[in-house]
Amino acid sequence: MSNSRPPSTVDEGLILSPPALQNPATTDHVFQRILQWYLPQDVLDKITPDLHDFGSDAISHETNVHIGNAESQEPYVKAHNVWGARYEADRLVTSNGWKELGKWGIKYGVVGLGYEEEFGPYRRTVQHAFNYLFSASSAAYSCPVSMTSGAARLVRHQLSSVPPDHPFHELYARLIARENNWISAQWMTERPGGSDVRNSETVATYAPLTSKTGRFGNIGEGDYLLSGFKWFCSATDCNIVLLLAKTESGELSLFVAPTVREVVDAQGTSKRVSNGIRIHRLKTKMGTKELPTAEIELRNARAHLIGPKDRGIATIALLLNTTRTHNFITALSCLRRALDIAKAFALARRTIDQSLWTFPMHLNVLAQLEVKHRGWMQLAFFTSSLLSYVDNGFPDDAPQIFSLLAKLPNTATVVLRAFTSTSKAVICKSSTLAFQECQEAMGGVGYMGKSDEPDEPEFNVSRLWRDTASNSVWEGTTNVLASETVRHLTKGQNLELFNTWIVSAIAQVSDLASMETLQSVWTSLKERLAPGQKDQGLAAVLGVARQIMFTLAWLVSCILLSLDAQRDKDAVAFEVARRWVLDGQGIPGEFGFTDLIYQRSVTAQDRKPSDRERTEWDCRIVWGIDLPSNSSAGYRTAKI
Ligand SMILES: Cc1cc2nc3c(=O)[nH]c(=O)nc-3n(C[C@H](O)[C@H](O)[C@H](O)COP(=O)(O)OP(=O)(O)OC[C@H]3O[C@@H](n4cnc5c(N)ncnc54)[C@H](O)[C@@H]3O)c2cc1C
């Protein structure tokens with residue numbers, strides 16, 4: 001037998017060429033459905049041109065060059081000159097790509113949109129629509145964006161209690177500006193612990209300047225001096241930082257300080273010097289390598305007290321509950337990108353002489369990922385919209401599910417508080433696990449990492465995975481957030497208030513089998529939460545706090561997916577909702593209470609599609625088309 005093909009060489013033979021990624025603003029149907037549901041048409045009409053341009057930028061060659069540059073030129077610190085003298089301020093050198101990506105996002109409003117008046121009660125939702133497009137292309141600049149956005153919310157809450165000539169007004173304006181803006185960081189974690197910051201070893205001493213600019217001093221002329229050692233300080237290249245420190249009472253207060261200060265030397269020359277902030281060293285991390293994260297020593301850093309004295313943890317919660325929404329949007333943005341990459345690969349790849357994109361098993365893997373992503377998107381935009389409404393007022397024309405809460409502000413706060421922790425923990429953790437499937441779906445090429453292809457970020461799933469994994473750690477680990485959710489729901493009247501809300505939300509699900517299933521799961525879940533309302537029962541309930549949190553996230557995603565399908569009777573949306581509710585898909589199995597998630601109401605027993613039907617639905621879910629008549633068999637057929 002002769003083989004007519006010439007042998008392959010380095011340059012000849014089959015070289016895979018996956019199709020270029022598409023503009024996510026115009027091709028991500030899940031994202032489009034979300035925006036159509038959570039935003040009114042006039043808002044959508046206004047933002048659509050910018051969204052399209054931003055989405056186009058996100059996958060452009062120029063953006064990929066910036067990402068590649070940020071990946072390959074990691075930040076470094078230069079603290080001394082060639083003679084060994086220490087600089088007035090440590091020189092933290094970051095890449096051009098990193099800086100350009102930041103400017104690009106800020107200009108489009110990834111921070112500003114959440115605070116500018118234009119979109120009223122919808123502003124956070126609009127902001128996160130842009131962040132969803134930004135994060136996967138930001139080379140981890142989504143981190144400083146999230147911290148700056150959180151700081152803006154925190155500072156905004158203080159503005160009504162300070163006079164117009166107080167520096168916090170300029171601070172707020174700079175944080176939300178689209179040009180000449182300030183980036184903010186928060187450095188809380190110390191060696192004694194990041195989850196429990198009460199053991200802080202940073203000390204704040206009251207030492208006001210004898211003369212200062214105006215009545216309150218400028219941002220660099222605060223009344224306190226802070227000293228201590230901060231252990232994980234991301235966005236080290238920031239302008240402003242929020243810091244927890246103990247005052248003489250021994251309680252934690254929150255402070256805000258610039259990283260450098262303008263001073264006038266003995267010769268009368270103005271110069272910029274470090275505000276008592278010394279970079280000990282940069283961290284070497286598994287991912288987010290573009291992002292500088294440092295260990296920092298504070299020596300008499302001059303700072304303003306922000307928020308009530310000795311109430312530092314409560315004050316910084318305003319920030320954390322915002323950055324957490326950024327965390328889950330980032331996770332979903334990166335997962336969407338990873339899925340798009342895996343799908344582009346499947347379109348190009350042939351194996352056993354058949355196209356991979358219609359292999360029944362491969363199709364099912366991709367469909368499961370799409371189904372998960374859809375539910376988490378609902379949870380994410382539900383939580384973000386609720387945050388937007390609670391901060392900016394409920395709109396009169398709120399969609400039905402939100403109008404449930406509009407009349408009951410107390411309930412809205414209780415539900416929001418439960419979901420800022422739950423959505424952050426569940427989406428970030430589940431997405432991190434889902435990345436593994438995207439990587440494996442590309443075979444060996446999926447495993448290519450930084451050292452091999454730093455300047456080719458377009459199809460690099462490993463990079464996205466490494467970066468996203470950090471979202472499960474910072475701003476609260478999964479355990480810490482599960483503990484927060486359970487302690488919040490079992491406190492005072494919260495469980496009853498939450499129960500009232502969720503029972504009426506479940507009642508809106510029109511499909512009887514789904515509604516009965518969800519009712520029954522909630523009844524059981526509430527029973528498992530209830531003992532935590534008493535001190536003697538809390539420890540046992542906390543032992544299964546993760547399962548409670550994941551089951552709760554599953555339940556609410558099921559409600560949202562069901563209502564989403566109901567609103568326009570979209571067949572694929574119904575199938576996705578059916579898979580979540582009746583097949584128990586959505587969250588990694590063992591993370592929830594499997595005995596609850598996989599139970600079926602009696603009316604649901606006959607609702608399972610055949611294997612062939614399931615493959616047909618898989619194709620519609622993944623590719624948005626019916627299974628082609630020449631679809632792959634998925635096995636090597638015998639030659640006759
Ligand atoms: C890439 C990266 C960037 C970071 N950037 C910043 C930053 O800019 N600013 C900042 O302040 N911090 C930052 N951090 C630190 C991060 O916030 C902390 O690592 C995190 O809060 C956990 O704290 P820890 O490392 O001290 O772990 P620990 O608190 O010691 O936790 C160890 C383990 O114990 C578990 N645990 C702790 N408490 C409880 C509890 N009550 N119940 C059940 N389990 C518990 C945790 O879930 C975890 O699994 C960053 C971390 C990373 C990885």
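This report describes a predicted model, moving from its domains and ligand shell to one strand and then to individual loop residues.

## Domains and annotated regions

The protein is divided into two domains, domain 1 covering residues 184-310 and domain 2 covering residues 479-604. The C-alpha centres of domain 1 and domain 2 lie 42 Å apart.

Two regions carry names taken from an unreviewed UniProt entry. The record places "domain: Adaptive response protein AidB N-terminal" at residues 25-158, and over that stretch the chain is 63% helix and 10% strand, with its end C-alpha atoms 35 Å apart. The record also places "domain: Acyl-CoA oxidase/dehydrogenase middle" at residues 185-300, where the chain is 0% helix and 48% strand and the end C-alpha atoms are 18 Å apart.

## The shell around the ligand

The ligand is surrounded by 22 residues, of which Gly 194, Ser 195, Phe 232, Ser 234 and Asn 479 are the closest. By class, this shell is made up of eight nonpolar, twelve polar and two charged residues.

Both domains take part in the shell, since domain 1 (184-310) and domain 2 (479-604) each give at least three residues to it. In terms of secondary structure, at least two shell residues come from each of β3 (184-187), β5 (224-234) and α14 (478-489).

Strand β7, residues 252-258, is mostly covered, with seven of its seven residues buried. Leu 252, Leu 254, Val 256 and Pro 258 point one way from β7, while Ser 253, Phe 255 and Ala 257 point the other way, and all of these residues are buried.

## Positive phi in two alanines

Ala 140, in the loop between α6 and α7 (142-159), has a positive phi near 75° although the residue is not glycine. Ala 140 is buried, because 29 other C-beta atoms lie within 10 Å and the cut-off for a buried residue is 20 or more.

Ala 235, in the loop between β5 and β6, likewise has a positive phi, of about 50°, without being a glycine. Ala 235 counts as buried because there are 26 C-beta neighbours inside 10 Å.

## Buried and exposed positions outside the strands

Val 111 is found in the loop between α5 (96-108) and α6 (123-134), and this residue is buried because 30 other C-beta atoms lie within 10 Å. Leaving aside residues up to four places away in sequence, Val 111 touches Ile 106, Val 145, Thr 148, Ser 149, Ala 152, Leu 175 and Ile 176. Val 111 and Gln 599, which are 488 residues apart along the chain, have their C-alpha atoms separated by 42 Å.

Gly 446 lies in the loop between α12 (409-440) and α13 (461-469), and is buried because 23 other C-beta atoms lie within 10 Å. With residues up to four places away in sequence not counted, Gly 446 touches Gln 439, Glu 440, Ala 441 and Val 461. Gly 446 and Arg 463 are 17 residues apart in sequence, and their C-alpha atoms are 10.0 Å apart in space. Asn 630, in contrast, is found in the segment after α21 (611-623) and counts as exposed because it has 8 C-beta neighbours inside 10 Å, where the cut-off for an exposed residue is 12 or fewer. The C-alpha atoms of Asn 630 and Gln 354 are separated by 9.8 Å, although the two residues are 276 residues apart along the chain.

Notes. Residues numbered from 1 in each chain as written. Predicted model: local features only at pLDDT ≥ 70, side-chain atom pairs only at ≥ 80, totals over all residues. Near = placed C-beta within 6 Å. Helix = DSSP H or I, 4+ residues; strand = E, 2+ residues; numbered from the N terminus. Nonpolar A, V, L, I, M, F, W, Y, C, P; charged D, E, K, R; others polar. UniProt positions renumbered as here; feature names shortened; annotations may be inferred. Contact = placed C-beta atoms within 7 Å.
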